[in-house]
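This report describes selected local features of one structure. The sequence and the coordinates are displayed first, and the discussion follows.

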Amino acid sequence: MIGIAEAFSPRYAEARQKFLAGCAAAGLTVESHAHPLAGRDGEALAMDVALDGDANAERLLIVTSACHGVEGHCGSGVQVFALHDDEWRAKAKAQGVAVLYVHALNPHGFAHGRRVTQENVDLNRNFLDFSQPLPVNEAYAELHALLLPEEWPPTPENQVAMSAWIERHGATAYQAAVTRGQYQFEDGVFFGGKAPTWSNSTFRQVLRQHTAGTRRLAWIDLHTGLGPNGLGERIFACRDDKAAYARANAWWGTPAAPVTSIYDGSSTSAFLTGLMWSAIYDECPDAEFTAIALEYGTEPMMEVTGALRADHWLHKHPEAPADLVASIRARMLAAFYTDTDAWRGQVISQARQAMFQAVDGLSA
Ligand SMILES: [Zn+2]
């Protein structure tokens, strides 16, 4: 057992070091999928994978961090804490569940303090069949130029135009338009890409390597940036399948707080396209699959989207002055990682509960 605060890190390099040390302490072998690029400080990047349990286990729980790079401060903390948590490890082992930790699905975004991959792609909108026509997000096309104006901070004219759009269509429609995923504007926000990203291809390889014998598969994918601060929303993360939803809700829901869904409007998340879980149906078609995204709130939606707009503006304007660069980066970190012990405590307690519930569900 380690202290909760000790499990978290303000920098990618430190988070990775803690993950590797946690694996070593737990006696686990790490396979590192080296990333072709470096971090902001020149550090090496990798998607690090460790299996705790029998390689041939029929029951497997996958716990992933940093699908959305900068959200990895949260997910990495959960993984590091779990590696040192003897009670948790003993429970999974006793119930015949192997646990696959994938640290930093998107290490480039994590190390650069961005939500997207090095391709400027939202990894959780990138899992589509790119040989087919891509979804068209018309509302995003209306908003793109307003979201990423020439000047940052936005001019009063930009703010008036943006407010007018939101007033006309509502905050929910704004969130849906911006976050749903778009495939037309490569420099835009929530861009799903034109081809599979490095993280997409590498994660598929990890799945093929570790799920050949899996009969029952669960996945908890750790995210931040939506909902009330510190609350971990359990968002159903499978295809729209009634049996899978019933299972997810039986494992992770309560009558007062059912597992939420993007299919029926019960989630604070909008309906999204190109989601990562679709890889499971491609790579592990024979496994019974049950999954949630565990989505922790940080700041209000308008502040989070504001931070993302600033981040994308900066990506287009590398000539920005150093003080503006620093303030945008600090704003991004705050939007996806609440740096308090209270928040970290809420993160660990809710993730730990969800992981225990997954093991009970898988072994029932
Ligand atoms: Zn996320």
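Leaving aside its neighbours within four places in sequence, with which residues is Arg 247 in contact?

## Basis of the description

The structure is a predicted model, in which local features need pLDDT of at least 70 and side-chain atom pairs count only at pLDDT 80 or more, whereas totals for chains, interfaces and linings use all residues. Residues are numbered from 1 along each chain as its sequence is written, and side-chain values use heavy atoms, with hydrogens and water left out.

Contact denotes heavy atoms within 4.5 Å. Beyond its neighbours within four places in sequence, Arg 247 is in contact with Arg 216, Glu 288, Phe 289 and Thr 290. Arg 247 belongs to helix α10 (residues 242–252); helices (H or I, at least four residues) and strands (E, at least two) are DSSP runs, numbered from the N terminus. With a relative accessibility of 19%, Arg 247 counts as buried. The term buried stands for under 20% relative accessible area, exposed for over 50%, and partly exposed for values in between (1.4 Å probe, protein chains only).

Phe 8 is located in the loop between α1 (4–7) and α2 (12–26) and is buried, at a relative accessible area of 3%. Apart from its neighbours within four places in sequence, Phe 8 has contacts that include Glu 14, Lys 18, His 73, Cys 74, Tyr 337 and Arg 344. The C-alpha atoms of Phe 8 and Glu 233 are 20 Å apart in space, and the two residues are 225 residues apart in sequence.

Distant parts of the chain are linked here: Glu 71 lies in the loop between β3 and α3, and His 223 in strand β5 (residues 216–229), 152 residues apart. Glu 71 is buried at 2% relative accessible area, and His 223 is buried at 2% relative accessibility.

## Helix α4

In helix α4 (residues 86–94), the buried residues are Trp 88, Lys 91 and Ala 92. Viewed down the axis of α4, these buried residues fall within an arc of 95°, so they line one face of the helix; the arc is that of the directions from the helix axis to the C-beta atoms. Asp 86, Lys 93 and Ala 94 are exposed on the other side of α4.

The buried residues of α4 pack against β3 (59–64), α3 (72–83), β4 (97–103) and α14 (341–363). Just after α4, Gly 96 adopts a positive phi of about 70°.

## Strand β2 and its partners

Eight of the nine residues of strand β2 (residues 44–52) are buried, so this strand is largely enclosed by the rest of the structure. Strand β1 (residues 30–38) pairs with β2 in the antiparallel sense over six bridges; two strands pair if DSSP finds at least two bridges between them. Ala 50 in β2 is the bridge partner of Val 30. β1 and β2 form a hairpin with five residues between them, and Gly 42 in the turn has a positive phi of about 85°.

β2 also pairs with β4 in the antiparallel sense, over five bridges. Val 49 stands opposite Val 102 in β4.
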